[in-house]
Amino acid sequence: MTVQTTDAPGAKQTRVNWAHLAESYALVAALVVLFLVFGAILPQSFFTWPNVSTMLGSQAVLVFLSLALIVPLTSGDFDLSIAATLTISAMTIAVLNVRMDVPIGLAMVASLCVGAVIGAINAFFILFFRIPSLIVTLGTGTFINGIVLWMSKAATIGGIDFVLVEWVVATRFLGIPLAFYYALIMCLVIWYVFGFTAVGRRLLFVGRGREVARLSGISVDRVRFGALMCSAMIAALAGIVYAGTIGAADPNSGNTFLLPAFASAFLGATAITPGRFNPIGSLVAVYFIVIGITGLTMLGIQTFVQNLFYGGALVLAVALSQLARKREEQNLS
């Protein structure tokens, strides 16, 4: 909320910027309206707690991936390899645990290490050779997909230790799988880092203008390296949650998360803090899209509508995000 304070003789007046307030929470209001509309149309199936808990728990992977994306986006870099990192993280767990009988804990640590290696490789090529992040991460993502197909022999590997499944989806709190709470905790951590730490401020400064940030004494390359590493590590965590959600690893399904993650990240940049990639906005955007897709699916709409919804949401979100970003830059100047 933006509050403007004006001093008057003998009195202090506080004025609320209602336009900014409406813009900040428009997506939240749209989510509520969309939920109520589908609830009114499908009261027996959509407007039920089991359906709500399923939507909340089943999309934790997408929340993780959207959060992984907004970190490098804030510092001005793209990471198109996050979906492939998710896939290879899940596949690493499956291969080690199912085929090689490695304990699930060690397999999870190994998958996080794989994520760290991918982040370091992305950062090396982007920062040392000065190659655009879009090209590097597109290449590494494709390369990783090839490795996953080789590891899995292009087959789904099932039978992951049920302990992981139990700690991700089988155990519930208030009827909602624990995966949702893990995603919520990650969202709050990033919200705190972005809003209340020097690291978050440096990320924002670097993303808004690298030369200005460099002249201000900020180590731009170090900030970008940290953002790319953080992105890959969160994507690897998403892979662990994904493996725990389905109890298996699919060599192809991870890529289906890439477009929804981008749509959520850019749509989230139009909410809560318009013009900035922010975790709370991304969380709201994920469930706005999920409510739309779930409602349309329950109405019997054909599956191709999902692609229309995701693609349309991405284009509209990028346009709105750009408008909000330019206006914020004008306000700052």
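In which loop is Arg-130 found? Arg-130 is found in the loop between α5 and α6.

The structure is a predicted model, in which local features need pLDDT of at least 70 and side-chain atom pairs count only at pLDDT 80 or more, while totals for chains, interfaces and linings use all residues. Residues are numbered from 1 along each chain as its sequence is written, and side-chain values use heavy atoms, with hydrogens and water left out. Helices (H or I, at least four residues) and strands (E, at least two) are DSSP runs, numbered from the N terminus.

Two packed helices are described by the angle between their axes and the distance between the axes. Here the axes are lines fitted to C-alpha atoms, for helices over the stretch in contact, and angles run from 0 to 180 degrees between N-to-C directions.

Helix α4 (residues 82–99) and helix α5 (residues 104–128) have axes that come within 8 Å and cross at roughly 150°. This crossing of α4 and α5 is right-handed; a crossing is left-handed if the near helix is turned anticlockwise from the far one by less than a right angle, and right-handed if clockwise. On the α4 side the contact (heavy atoms within 4.5 Å) involves Thr-85, Ile-88, Ser-89, Thr-92, Ile-93, Leu-96 and Asn-97. These meet residues of α5 including Ile-104, Met-108, Val-114 and Ile-118. The residues of the contact of α4 with α5 divide into 9 nonpolar, 6 polar and no charged. In this division Ala, Val, Leu, Ile, Met, Phe, Trp, Tyr, Cys and Pro count as nonpolar, Asp, Glu, Lys and Arg as charged, and the others, Gly among them, as polar.

Helix α5 also packs against helix α6 (residues 133–152), at an angle of about 145° and with the axes 9 Å apart. The crossing of α5 and α6 is right-handed. Ile-118, Ile-121, Asn-122, Phe-125 and Ile-126 of α5 make this contact with Ser-133, Val-136, Thr-137, Thr-140 and Ile-144 of α6. By class, 6 nonpolar, 4 polar and no charged residues take part in the contact of α5 with α6.

## Two residues with positive phi

Most residues other than glycine have a negative phi. Arg-130, by contrast, has a phi near 55°, a positive value in a residue other than glycine. Lys-153, in the loop between α6 and β3 (157–158), likewise has a positive phi of about 55° although it is not a glycine.

Accessibility is classed by relative accessible area: buried means under 20%, exposed over 50%, and partly exposed in between (1.4 Å probe, protein chains only). The table gives the class and value for several residues.

| Residue | Class | Relative accessible area |
|---|---|---|
| Ser-264 | buried | 0% |
| Asn-278 | buried | 7% |
| Asn-255 | partly exposed | 35% |
| Trp-191 | partly exposed | 41% |
| Arg-130 | partly exposed | 48% |
| Lys-153 | exposed | 63% |

## Helix α7

Helix α7 (residues 162–170) has the buried residues Leu-164, Val-165, Val-168 and Val-169. They cover an arc of only 95° around the axis, which puts them on the same side of α7; the arc is that of the directions from the helix axis to the C-beta atoms. Phe-162 and Trp-167 are exposed on the other side of α7. The elements that cover the buried residues of α7 include α4, α5, β4 (172–173), β5 (176–177), α8 (178–196) and α11 (220–246).

At the start of α7, a side-chain oxygen of Asp-161 reaches to within 3.0 Å of the backbone nitrogen of Val-163.

## Individual residues elsewhere

Ser-264 belongs to helix α12 (residues 258–268). A polar atom of its side chain lies 2.8 Å from the backbone oxygen of Pro-260. Not counting residues up to four places away in sequence, Ser-264 touches Ser-66, Ser-282, Ala-285, Val-286 and Ile-289.

Asn-278 is in the loop between α12 and α13 (279–298). The backbone oxygen of Arg-276 lies 3.0 Å from a polar atom of the side chain of Asn-278.

Trp-191 has its place in helix α8. With residues up to four places away in sequence not counted, Trp-191 touches Phe-196, Pro-279 and Ile-280.

Asn-255 is found in the loop between β6 (248–249) and α12. The C-alpha atoms of Asn-255 and Ala-40, 215 residues apart along the chain, are separated by 34 Å.

Conventions
A polar contact is a pair of N or O atoms within 3.5 Å; within protein, one must be able to donate a hydrogen and the other to accept it, and residues adjacent in sequence count only if both atoms are side-chain atoms.
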